[in-house]
Amino acid sequence: MWKPRKEEEPQKPVATSVPVPTAVPPKEVRPVDVPKYETRSEVAHIGKSVVIKGELSGSEDLYLDGEVEGTIELHQNALTIGPNGRIRAHVHAKEVIIHGKVDGNIRGNDRVELKRSAVLVGDIVTKRVSIEDGAYFKGAIDIQREAKSEQKTDSSYAAAAPSGVGIGAPALAEKK
């Protein structure tokens, strides 16, 4: 049944080959166009698996990479729609940066940016707009002017002009 144990013989060292490290060419690294929030400390983040139906509002900047259907109200803050963002809503924010897809009207109090991966079907109302090459946009753009207290009106130009010079008229040269 049982076999008696043989005295164990010392094992001979086995020659093993050690792999020699070889130089691997570095992988190509491409910069990703990700928004940077260097000046603002509070940024809420909604991930790509989140789905919201209804009204979304807040008092901090928002990075939205999920899906929203309804309205988004961030009057005094920035909204960034990430590359996975799918929005079917009317948006009102201080500034709006779009990397993903939006179906709805955008109102940016300060500015609206469409990055190269952006798809927007809807109207834009803002003071400043930026559309990168490759972005898809179907709609109208309404550029708003600064408040009247910040800019001179035609009547203030006429009042400041010397007599005999009107708006759009060349200045008369004095003859001596």
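**Strand pairing, nonpolar core and salt bridges**

Of the 176 residues in the protein, 25% are buried. The model is predicted. One helix and 11 strands were assigned, and the order of elements from the N terminus is β-β-β-β-β-β-β-β-β-β-β-α. When contacts between residues at least 6 apart in sequence are considered, 5% of them join residues at least 24 apart. The protein exposes about 13600 Å², of which carbon and sulfur atoms supply 52%.

Strand β4 (residues 67–81) takes part in several pairings. Strand β2 (residues 51–57) runs parallel to β4 and is joined to β4 by seven bridges; Lys 53 stands opposite Glu 69 in β4. Strand β3 (residues 61–64) is also parallel to β4, with three bridges between them. Leu 62 has Leu 79 of β4 as its bridge partner. Strand β5 (residues 86–98) pairs with β4 in the parallel sense over 12 bridges, and the bridge partner of Ile 81 in β5 is Ile 98.

The largest nonpolar core comprises 22 residues. Within this core, the residues with the most contacts are Leu 64, Ile 72, Leu 79, Ile 87, Ile 98 and Ile 106. Two or more core residues are given by each of β3, β4, β5 and β7 (106–114). The largest share, six residues, comes from β5. With residues up to four places away in sequence not counted, Ile 72 touches Leu 56, Leu 64, Leu 79, Ile 87, Ala 89, His 90, Val 91 and His 92.

On the surface, a nonpolar patch is formed by Val 129, Ile 131, Ile 141 and Ile 143, with about 300 Å² of accessible area together. Strands β9 (124–131) and β11 (141–143) each supply at least two residues of the patch. Ile 141, found in strand β11, has a relative accessible area of 38% and is therefore partly exposed.

Eight salt bridges were found in a search of the whole structure. One of them is formed by Arg 111 and Glu 95, whose closest N and O atoms are 3.0 Å apart. This pair links distant parts of the chain, with Arg 111 in strand β7 and Glu 95 in strand β5, 16 residues apart. Both Arg 111 and Glu 95 are buried.

A salt bridge also joins Glu 113 to Lys 115, with the closest N and O atoms 2.8 Å apart. Glu 113 is classed as buried because its relative accessible area is 13%, a value under the 20% cut-off. Lys 115 likewise counts as buried, at 13% relative accessibility.

In the salt bridge between Glu 132 and Arg 116, the closest N and O atoms are 3.8 Å apart. Glu 132 lies in the loop between β9 and β10 (136–138), and Arg 116 in the loop between β7 and β8 (119–121), so this pair ties together parts that are 16 residues apart in sequence. Glu 132 is partly exposed, with a relative accessible area of 25%, whereas Arg 116 is exposed, at 59%. Through salt bridges that share partners, Glu 95, Arg 111, Glu 113, Lys 115, Arg 116 and Glu 132 are joined into one network. This network includes the buried residues Arg 111 and Glu 95 as well as the exposed Arg 116.

Methods:
Residues numbered from 1 in each chain as written. Predicted model: local features only at pLDDT ≥ 70, side-chain atom pairs only at ≥ 80, totals over all residues. Heavy atoms only, no water. Helix = DSSP H or I, 4+ residues; strand = E, 2+ residues; numbered from the N terminus. Buried < 20%, exposed > 50% of the residue type's maximum accessible area, 1.4 Å probe, protein only. Contact = heavy atoms within 4.5 Å. Areas by Shrake-Rupley, 256 points an atom, 1.4 Å probe, with all protein chains shown as cover. Pairing = 2+ DSSP bridges. Core = buried A, V, L, I, M, F, W, Y, C linked by side-chain atoms within 4.5 Å. Patch = residues over 30% accessible without salt bridge, like charges linked within 9 Å, V, L, I, M, F, W, Y side chains within 5 Å. Salt bridge = Lys/Arg side-chain N within 4 Å of Asp/Glu carboxyl O.
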